[in-house]
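Please examine the structure shown below. The paragraphs that follow begin with a pair of charged side chains and then turn to the chain as a whole.

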Amino acid sequence: MVNFLLLDDMDVQQAFAAHLRGLREEAKLSRAALAERSCVPASTIKKFELTGQISFRQLLLLWQSLDDLKRLYDLTQNLPKQQALPTSIEEVLKDGF
């Protein structure tokens, strides 16, 4: 049985923002200190933490400053074969939803 989690782009953006904000707070870094460390302006960090919106390059700079960038890179490597997603409501209902 396949479990579906309905996510959209904003859900993922907010999750990344919350993760990195939590790491920033754990490290006891102000936005200004993180800005200095990452070369991402403090105003951009604030906007990212509040809205989840940031450029991909700036996200990588923040991630590199707060977490292991290899963890993010590894998501793109050796992806397991995914089960085909249903293409109709009938296929969803057939699987017990």
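In this predicted model, the side chains of Arg21 and Glu25 form a salt bridge, with a nitrogen-to-oxygen distance of 3.0 Å. Both residues belong to helix α1, where they stand four residues apart, about one turn of the helix. Side chains of opposite charge can pair when their charged atoms come close. Arg21 is partly exposed, at a relative accessible area of 32%, and Glu25 is also partly exposed, at 44%.

Arg21 has a further partner: it forms a salt bridge with Glu49, and the closest N and O atoms are 3.9 Å apart. This pair links distant parts of the chain, since Arg21 lies in helix α1 and Glu49 in helix α3, 28 residues apart. Glu49 has a relative accessibility of 9%, and because buried means under 20%, Glu49 counts as buried.

Glu49 in turn forms a salt bridge with Arg31, at 2.8 Å between the closest N and O atoms. Arg31 lies in helix α2 and Glu49 in helix α3, so this pair ties together parts that are 18 residues apart in sequence. Arg31 is partly exposed, with a relative accessible area of 22%. A network of salt bridges links Arg21, Arg24, Glu25, Arg31 and Glu49.

The wider setting may now be considered. The chain contains six helices and zero strands, and 25% of its 97 residues are buried. In helix α4, which spans residues 56-66, the buried residues include Leu59, Leu62 and Trp63. The buried residues of α4 pack against α1, α2, α3 and α5.

Technical notes. Residues numbered from 1 in each chain as written. Predicted model: local features only at pLDDT ≥ 70, side-chain atom pairs only at ≥ 80, totals over all residues. Heavy atoms only, no water. Helix = DSSP H or I, 4+ residues; strand = E, 2+ residues; numbered from the N terminus. Buried < 20%, exposed > 50% of the residue type's maximum accessible area, 1.4 Å probe, protein only. Contact = heavy atoms within 4.5 Å. Salt bridge = Lys/Arg side-chain N within 4 Å of Asp/Glu carboxyl O.
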